[in-house]
Amino acid sequence: MTAAGLDKEHTYEIAGITTSPLMVRMMEMGVMPGKTISLLRKAPFKGPMAFLIQGNVLALRIEEADLIQIKEV
Amino acid sequence: MEVTEKKAVKSIAIIGNPNVGKSSIFNQLTGLNQKIGNYPGMTVDKMLGYFSLGNKHFELIDLPGTYSLYPKSEDEIIAHKVLNGIGMEKPDAALVVLDACNLERSLLLGTQVMDLGIPLAFVVNMKDLAEKRGLSIQTYALYQELGVPLVMTDARNNEGMEAVRDLLSNDDFSIGKPFGELDFADLLEEVRLKYGFRTHYQAFQELIFAAYDPLADPDKKDWLAEKAGAYQFDSEAEQARETSRRYAKIKDILRSTQSSASGEPKKLHARLDRLFMHPVWGYVTFLAIMLLIFQAIFAWAEGPMNLIDGAFAAMSGWVAETLPPGVLTDLLSEGIITGIGGVVIFIPQIALLFGFLAFLEDTGYFSRVVFLMDRIMRPFGLHGKSIVPLISGMACAIPGIMATRNISNTRERLITILVTPWMSCSARLPVYIILIGLTVPDETWIGVNLQALALLAMYLIGTLFTLLGAFALKFVLKSRERSFLLTELPIYRMPRWQTVLLTMFNKSKIFVLEAGKVILAISIVLWVLASYGPSGEMENLEAEKATALESVSEDQKHELAAEYASRELEASYIGILGKAIEPAIRPLGYDWKIGIALLTSFAAREVFVATVATIYSVGEDVEDELTIREKLDKQVHADTGEKVFTRATGFSLMVFYALAMQCMSTVAVVYRETKTWKWPVLQTIGMTIVAYLGALITYQIWS
């Protein structure tokens, strides 16, 4: 399961990040395995998604969210 | 004899994550004493600030906000080159600003800078927020772990700034303990020795960065690539590995030096987000805020603009009367002073727009707009961040283009710059108003005023072409850069007036000093072309005018002067050019007189009105819109006797002004933002071609 398929009101844990040129960018912004992640809201028409990742709010497009693997806490 | 000379000015680089309050600290320390310079070959500005403490003088280099020292955009390349002194002088020390609420993340950058072996100090900012969230940081323990002095601040409220000043004046910087662990010791040692670096980490960074630096020596690039290949050094994998290790170690340290609390953002912010990011109300609020800003710009900019206009006109008049008549006086009064006036006139709009933008940016609202607009902009090859420049373009393209700075993807930024001038700016308004008044009846059609409808149509045409243009450019401009959105939505904060005012000041300064030169040069050329003609024809006309004026009564003088103004413009080089292009613009429904107006209004669109008034000898009083309109309405083609300003010609002209560049200030700003003449030239040619075709089709449809 990836963050792109997250539903609201549930907190998950980041299990890993798919290897891609964006991996380092995500890591440096604090998107790291072991962090908690929950969906805050989605922009209309399959726009970006806003996540709460360990206290910080980050906006990502669905394609980027799809690179974040999550697991149940 | 060896002389150990102490540098008179200590240079200190300041670096930190975005939204960490780095610019607050920079502004608090330097105040208005800031300078904007260039990094050679880069589009990012070099921000420098100067200040003194006691008898010590400091130069502060404000590096762009970054999350790490890995090559992703020009920002990181600049940080890398400055901190390692590659191609420029290395600063004496670095001040790294950390986020008290996000120590883990900010220490990633912090420890990277530490490993470069530069003397440094940490400023842990936003301690007020950390306290509110119940986080407590054991600074002494952290100091012991890292070996680097730390100062806690709340720069927004000017707290802890004294400690920062003390640190600077006591020179309390120190080189930290090596932090990161690296593999490839042999490879790094080779690189280190070859380029004379201090630490292995510097060698590691150079291995990663050289491939991205456009200015790096090709031999160096080849050598590094070869070495990396020989040792099977995979740049991306090593960055990820290094980041993981660094985080693990930071986590370890923080476990013993920071007592954490929930760290969740507060309820109030969530409530604000519920409105500002709402699928419906979010957009409504955004539109309302933008409308309010435009309302304010139109209401507040007009007064100062009129004042500037009047002041420069008075100055020009005073010079013309006071100095002895001659070419130099004319150049000064009509060329240079008027040209400078043409630059300064933009300041109210630029300052106001950037004031509002800085205000909204500082509150954290803009990242929400990016969130909402990204999906809408993407099909057009634009980014969520393109929305601010485009909307600003409806007031004036200049601040719009200057606001493209924070679009990090080069291609998306370029497309935004190239299409922003198509948004209907306020300078088009006088042109539209005159032409609509001439060609659209003041009648209502199912309750809607036709003239208002025509004006709305012009705004829609502008927006339509902006989006279509972006869409077309998406296929023309290819890029290997991947488009992505990965942005922090910072918590809402009260804006700092100091930041807002400084932004207004700095943006106006950049415009006047950098774009101003180009604008002044073009306006002088245009003035020469409009005031001089080949071999003495002007002088003959002047002489003729002088004798003619003597023989007429006082009442007729105005009319006669207007007539001669028109004839002189006709005899000038620009008049000759206007006639020369007549065959080309005939299919658009224009005569050579309109041709002259097209040429002179390259300076700025609103000049069209003034030129048309002169060439059709409306007289001095160009402010009187009705007079111009009446006079223009009576104009007929000399050969056919048909009306010049028919509906077809009027519409064709409006379409031309909607789509053509016709603004030298925009050209100058595009040059300044892209740092090359290639784009403004291509853009001007492209827009002129599209405008020509658009006007041609319009004329053919309506005639």
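In this predicted model, helices H8 (residues 200-209) and H10 (residues 235-257) of chain B have axes that come within 10 Å and cross at roughly 140°. With over 145 degrees needed to count as roughly antiparallel, H8(B) and H10(B) are therefore oblique to each other. The crossing itself is left-handed. On the H8(B) side, the contact is made by Tyr201(B), Phe204(B) and Ile208(B), while H10(B) brings in Ser235(B), Glu238(B), Gln239(B), Glu242(B) and Arg246(B). Sorted by class, that gives 3 nonpolar, 2 polar and 3 charged residues.

H7(B) makes the contact through Leu187(B), Glu190(B), Val191(B), Lys194(B) and Tyr195(B), and H9(B) answers with Lys220(B), Trp223(B), Leu224(B), Lys227(B) and Ala228(B). This set splits into 6 nonpolar and 4 charged residues, with no polar ones.

Turning to salt bridges, the count over all chains is 34. One of these pairs Lys127(B) with Glu159(B), with 3.2 Å between the closest N and O atoms. The two partners sit in distant parts of the chain, 32 residues apart: Lys127(B) belongs to helix H4 (residues 127-132) of chain B, whereas Glu159(B) lies in the loop between strand E8 (150-152) and helix H6 (161-169) of chain B.

As for how the chains meet, the size of an interface is often given as the accessible area lost when the parts come together. For chain B and chain A, the buried area comes to about 3,300 Å², and carbon and sulfur atoms give 60% of it. A trio of residues stands out on the chain B side: Phe371(B), Arg482(B) and Leu486(B) supply 20% of the area that chain B buries against chain A, more than any other three residues. In terms of residues, the contact takes 39 from chain B and 33 from chain A.

Charge pairing shows up across this interface too, with 5 salt bridges between chain B and chain A. Arg482(B) turns up again here, forming a salt bridge with Glu64(A) in which the closest N and O atoms are 3.7 Å apart.

How values were computed
Residues are numbered from 1 along each chain as its sequence is written. Chains are lettered from A and ligands numbered from 1 in the order in which they are written. This is a predicted model: local features need pLDDT of at least 70, side-chain atom pairs count only at pLDDT 80 or more; totals for chains, interfaces and linings use all residues. Side-chain values use heavy atoms; hydrogens and water are left out. Contact means heavy atoms within 4.5 Å. Helices (H or I, at least four residues) and strands (E, at least two) are DSSP runs, numbered from the N terminus. Ala, Val, Leu, Ile, Met, Phe, Trp, Tyr, Cys and Pro count as nonpolar, Asp, Glu, Lys and Arg as charged, and the others, Gly among them, as polar. Buried area is the accessible area (1.4 Å probe) that two parts lose on being put together, summed over both. A salt bridge is a side-chain nitrogen of Lys or Arg within 4 Å of a carboxyl oxygen of Asp or Glu. Axes are lines fitted to C-alpha atoms, for helices over the stretch in contact, and angles run from 0 to 180 degrees between N-to-C directions. Angles under 35 degrees count as roughly parallel, over 145 as roughly antiparallel, 65 to 115 as roughly perpendicular and the rest as oblique. A crossing is left-handed if the near helix is turned anticlockwise from the far one by less than a right angle, and right-handed if clockwise.
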